[in-house]
Amino acid sequence: MHVNEPIDSSVRMHNRQVFAELSCTQSMDTKIHDFAVIGGGLVGLATARALLQKYPGSSLAVLEKEPEVAAHQSGRNSGVLHSGIYYMQGSLKAQLTAAGRTAMLAFCDEHKIAYQVTGKLIVATSEEELPRLQPLYARGSENGLALEIVGPERIAEIEPHITALQAIWVPQAGIVDYKQVARTLAAELTKAGAEVRLGAKLQRFERKNGVLHLKTSNGEVQTRIAVNCGGLYSDRLARQTGVDPGLRIVPFRGEYFRLRPEAQHLVRGMVYPLADPRFPFLGVHLTRMTDGEVLVGPNAVFSLRREGYFSRDFDLGETLESLSYSGFWRLVLPNLSTGLGELVRSGSVRVFARDVQKMMPAIQASDLLPARAGVRAQAVDKDGKLVEDFRFAHGDGWLHVLNAPSPGATASLAIGQHVAAQAAELMR
């Protein structure tokens with residue numbers, strides 16, 4: 001089924017009879033849903049939408065612990081519509097980002113959600129970086145992107161205030177108001193008859209007679225199939241259901257600045273550094289948002305709390321959970337100098353500005369004003385390797401989305417379709 005098909009479209013309702021028969025077992029006062037999605041971020045909402053598309057006539061609830069949707073990763077990113085240049089050909093990230101980008105643009109067009117396809121420059125600012133341009137260009141080309149390697153003259157035409165030796169021009173990249181996308185998805189789900197329950201933190205659950213009883217801070221929900229789109233807590237929930245995810249979520253806080261209004265003219269679209277290929281973090285970049293504001297960031301520092309958006313945020317249990325994980329130390333110790341550099345940049349606006357000045361010398365520390373922070377749910381395996389691809393698992397009435405950080409927002413509609421297809425395994 002096409003990822004852009006609306007929920008109320010004229011799809012052949014081949015599953016209506018199945019769910020009608022299942023619903024006959026419900027008592028008059030207790031509704032048993034066919035599906036419950038844990039998490040009201042973009043991936044959770046897109047998955048709910050895809051389930052209703054794939055299984056018309058089903059009943060569904062979305063459980064979100066916050067008072068609004070997209071309160072965490074989905075609403076605290078830089079709003080980038082990713083092109084897929086970084087991802088290995090044939091990987092789920094490459095496939096779902098390409099499909100998701102197309103779907104996201106169509107969804108925004110349909111619902112008149114603000115977006116701009118601005119393109120972006122990925123710049124090499126030193127001779128040492130130049131050899132890394134070609135492999136990245138080749139990878140993007142393998143993924144079907146029309147790219148250019150450009151020199152200083154063309155760079156100046158695209159971004160007059162950027163200084164670089166060479167760059168890759170990625171015309172397919174853009175920016176999207178993802179919070180509006182999430183709100184629109186939630187409204188569309190409600191209109192289609194789904195329940196979007198806010199303030200519903202999952203507290204405990206049990207499975208009885210093939211039905212999951214989900215106890216939340218906003219009442220109980222009963223369902224035959226539950227989908228874990230818990231983001232920063234997805235691994236913990238998977239373990240509670242008896243699934244060994246083979247990874248742990250280690251939170252990394254990304255801190256952003258914004259350019260003061262008088263300096264916003266320095267950036268036309270998006271400018272990225274040439275990222276270190278050893279890490280999934282793309283480095284401090286410049287992004288003009290749909291409202292004209294320019295974000296600068298993020299860095300990447302270990303967070304002492306999974307939802308730790310401020311440096312003072314601390315949770316002893318969650319910190320010990322990371323520090324007691326062997327994979328954490330196998331990741332950190334070989335990259336200690338890089339991590340310390342991120343910490344220094346986190347604590348000093350001047351150091352942060354110096355990194356940005358490598359690409360844009362005109363920016364001064366005084367141009368950088370504090371902005372929001374986000375936390376990336378980075379999956380790390382037991383060997384200390386960063387899990388690069390999206391990862392999913394299922395079992396005993398549960399579907400788990402275990403790793404879907406950036407470009408999860410771009411790919412969300414396609415991720416939803418991928419997860420919905422796996423539901424068939426649990427219905428046999």
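Where does Lys 112 lie? Read on, and the last of these close-up legends will take you there.

**View 1. The whole chain, with a word on confidence.** This is a predicted model, and its mean pLDDT is 91. Of the residues in the chain, 92% reach a pLDDT of 70 or more. Residues 1–29 are another matter: pLDDT stays under 50 over that stretch. The model still has 56 contacts beyond four places in sequence for residues 1–29. Where pLDDT is low, the predicted coordinates should not be read in detail.

**View 2. The largest nonpolar core holds 46 residues.** Leu 45, Leu 51, Leu 60, Tyr 178, Val 181 and Ile 415 are the ones with the most contacts inside this core. At least two core residues come from each of several helices and strands, including β1 (32–38), α2 (42–54), α6 (178–191) and α12 (408–426). Another core lies apart from it and has 27 residues, among them Val 296, Phe 352, Met 360 and Ala 365. In soluble globular proteins, nonpolar side chains tend to be buried together.

**View 3. Leu 45 and its contacts from elsewhere in the sequence.** Leave aside the neighbours within four places in sequence, and Leu 45 is in contact with Gly 39, Gly 40, Val 62 and Val 69, among others. The list also includes Ala 182, Leu 185, Ala 186 and Leu 189.

**View 4. Ala 414 sits in helix α12.** Is this residue, with a relative accessible area of 3%, buried or exposed? Ala 414 counts as buried because its 3% is under the 20% cut-off. Asp 389 is 25 residues away from Ala 414 in sequence, and their C-alpha atoms are 14 Å apart in space.

View 5. Helix α8 (residues 316–323) gives the most to it, with three residues. Leu 304 belongs to the loop between β17 (301–302) and α8. With a relative accessible area of 32%, Leu 304 is partly exposed.

**View 6. Glu 321 and Arg 239 form a salt bridge.** Their closest N and O atoms are 3.3 Å apart. This pair links distant parts of the chain, with Glu 321 in helix α8 and Arg 239 in helix α7 (residues 234–240), 82 residues apart. Glu 321 is buried at 15% relative accessible area, while Arg 239 is partly exposed at 30%. Side chains of opposite charge can pair when their charged atoms come close.

**View 7. Two further salt bridges, from a total of 22 in the whole structure.** Asp 244 and Lys 382 meet through their side chains, at 3.6 Å from N to O. Asp 244 is in the loop between α7 and β13 (247–259), and Lys 382 is in the loop between β18 (368–381) and β19 (391–395), 138 residues apart. Asp 244 is exposed at 57% relative accessible area, and Lys 382 is partly exposed at 43%. The other bridge joins Asp 355 and Arg 345, at 2.4 Å from N to O. Here the partners are 10 residues apart, with Asp 355 in helix α11 (residues 349–357) and Arg 345 in helix α10 (residues 336–347). Asp 355 is partly exposed at 26%, whereas Arg 345 is buried at 10%.

**View 8. Two cis peptide bonds to look for.** One joins Gly 297 and Pro 298, with omega about 0°. Pro 298 lies in the loop between β16 (294–297) and β17. Another cis peptide bond joins Ser 406 and Pro 407, with omega about 15°. Pro 407 is found in the loop between β20 and α12.

View 9. Ala 70 has a phi near 55°, a positive value in a residue other than glycine. Its place is in the loop between β2 and β3 (80–81), and Ala 70 is buried at 2% relative accessible area. Lys 112 lies in the loop between α3 and β4 (115–116). Lys 112 is not a glycine, yet its phi is positive, at about 55°. With a relative accessible area of 78%, Lys 112 is exposed.

Terms used
Residues are numbered from 1 along each chain as its sequence is written. This is a predicted model: local features need pLDDT of at least 70, side-chain atom pairs count only at pLDDT 80 or more; totals for chains, interfaces and linings use all residues. Side-chain values use heavy atoms; hydrogens and water are left out. A nonpolar core is a set of buried Ala, Val, Leu, Ile, Met, Phe, Trp, Tyr and Cys residues joined through side-chain atoms within 4.5 Å. Buried means under 20% relative accessible area, exposed over 50%, partly exposed in between (1.4 Å probe, protein chains only). Helices (H or I, at least four residues) and strands (E, at least two) are DSSP runs, numbered from the N terminus. Contact means heavy atoms within 4.5 Å. pLDDT is the predictor's confidence in each residue, from 0 to 100. A salt bridge is a side-chain nitrogen of Lys or Arg within 4 Å of a carboxyl oxygen of Asp or Glu.
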